[in-house]
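Here is a short briefing to read alongside the model. Have the viewer open, and let's walk through the contacts topic by topic.

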Amino acid sequence: MNILALETSCDETSAAVVLDGTKVNSIVISSQIKTHSKFFGVVPELASRAHIENINSVIYKALKNAGITFTDFAQQIDAVAFTAGPGLAGSLIVGAVAAKSIACIYEKPIIPVNHLEGHIYSALIENKSVKPPFLSVIISGGHTVLIIVKDFGKYKILGNTRDDAAGEAFDKAAKMLGLSYPGGPVIDKKADKGNPKAVKFTRPYLKGSWDFSFSGIKTALLNYLKENPANNRKHLNDICASFRQALAETICFKSFAAAKEFNLRQIVLGGGVSANSLIRTMFLQTGQKNKIKVFVPSIIYCTDNAAMIARAAYLKQKKCGLKYNQNELKSSACLKLTNWN
Ligand code: KG4
Ligand code: ZN
């Protein structure tokens, strides 16, 4: 099944053509980083405007790169998928309207996908034989969630963040350090050149709960910077390395504790923060030590992209069929993760 998928939940306009959920024939991601970087975060109104400006050319390029024209679209594409939520309301609507219009014109079935499901299954684009049960660890700019995936489309949420998401913590830390947005990749690069033991930040393990909380590490960084103003620049790489270490250890420790507690032998990472070089190595090494298989998406599939939406859509239609009525499909900014039935 060849799926055209669209992702517009936040600040990336993306379209992909993916065969059977695993063969990515094309993927186009138009990033709005330049638009938002001066505000150190995503401005919803600007994001939806940029999606409107970009969506047509992104779809056109994705089809062209897959060797598909609008003339042979009907023969080549079997279904259209889109991110129905959660995300920014205005951004979601742009993708939903585009997907529904195309599906309507070409009389194609349409598959709504929860954005979190995109992240859950993104590592399975390149690991097609992975089957549940597994522990999904989603660490992104908007979410930090531990989910037991009992079967495709059957979930048990173990824990969420109580305050900032992991990516948000990186982005806010970068702002405090005078670095650019998004902060995750910048801190990651600087951290490679620093000493992770230079500053001792707390590890908020929240024993007795599977939730996360990163506001304490953030405040610790703020206090450190206030108390050591002269040091900031000189030790920037060390501060970044220490901050990254604290976040990575916290996420890794809790994820493996959950996998052991629930006897899960596979961990699947997803979300923008799974692009972090230390987090990737730490998970892979800890997995080897504990005989738990760890799957991480390629960097391009970590941050928001439409190929992961196509992957989730493919699995969903395989299990539930193509049953969605266009007129009933709505996008929702706070869409909950629910089981397929
Ligand atoms: O998954 P994503 O594209 O968007 C959401 O669904 O939220 O994640 C974006 C987040 C940003 O906060 C960004 O700073 C973070 O992913 N990120 C990273 C890295 N690359 C992106 N965080 C840490 N290390 C990285 N290398
Ligand atoms: Zn995302």
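Searching the whole structure turns up 13 aromatic pairs, where rings of Phe, Tyr and Trp (its six-membered ring) pair if their centres lie within 6.5 Å, and planes under 30 degrees apart count as stacked, over 60 as edge-to-face and the rest as tilted. This is a predicted model, in which local features need pLDDT of at least 70 and side-chain atom pairs count only at pLDDT 80 or more, while totals for chains, interfaces and linings use all residues. Residues are numbered from 1 along each chain as its sequence is written, chains are lettered from A and ligands numbered from 1 in the order in which they are written, and side-chain values use heavy atoms, with hydrogens and water left out.

- Phenylalanine 170 and phenylalanine 243 make an edge-to-face pair, with 5.9 Å centre to centre and 80° between the planes.
- Phenylalanine 170 belongs to helix α6 (residues 166–176) and phenylalanine 243 to helix α10 (residues 236–261), so this pair ties together parts that are 73 residues apart in sequence; helices here are DSSP runs (H or I, at least four residues), numbered from the N terminus.
- Phenylalanine 170 counts as buried at 2% relative accessibility, and phenylalanine 243 is buried with a relative accessible area of 1%; buried means under 20% relative accessible area, exposed over 50%, partly exposed in between (1.4 Å probe, protein chains only).
- The ring centres of phenylalanine 256 and phenylalanine 283 are 5.5 Å apart with planes at 45°, so that pair is tilted.
- Phenylalanine 256 sits in helix α10 and phenylalanine 283 in helix α11 (residues 277–290), so the two tie together parts 27 residues apart in sequence.
- Both phenylalanine 256 and phenylalanine 283 are buried.
- Tyr60, Phe70, Phe73 and Tyr106 are linked into a cluster by ring pairs.

**Zinc site**

- His115 (NE2), His119 (NE2) and Asp304 (OD) coordinate the zinc ion (ligand 2) at 2.0 to 2.1 Å; donors are N, O and S atoms within 2.8 Å of the metal (3.2 Å for Na, K and Ca), and water is not among the atoms, so sites may look incomplete.
- Along the chain, the donors of the zinc ion (ligand 2) follow the spacing H-x3-H-x184-D.
- Histidine 115 lies in helix α5 (residues 115–121) and aspartate 304 in the loop between α12 (299–302) and α13 (306–320), so they tie together parts that are 189 residues apart in sequence.
- Histidine 115 and aspartate 304 are both buried.
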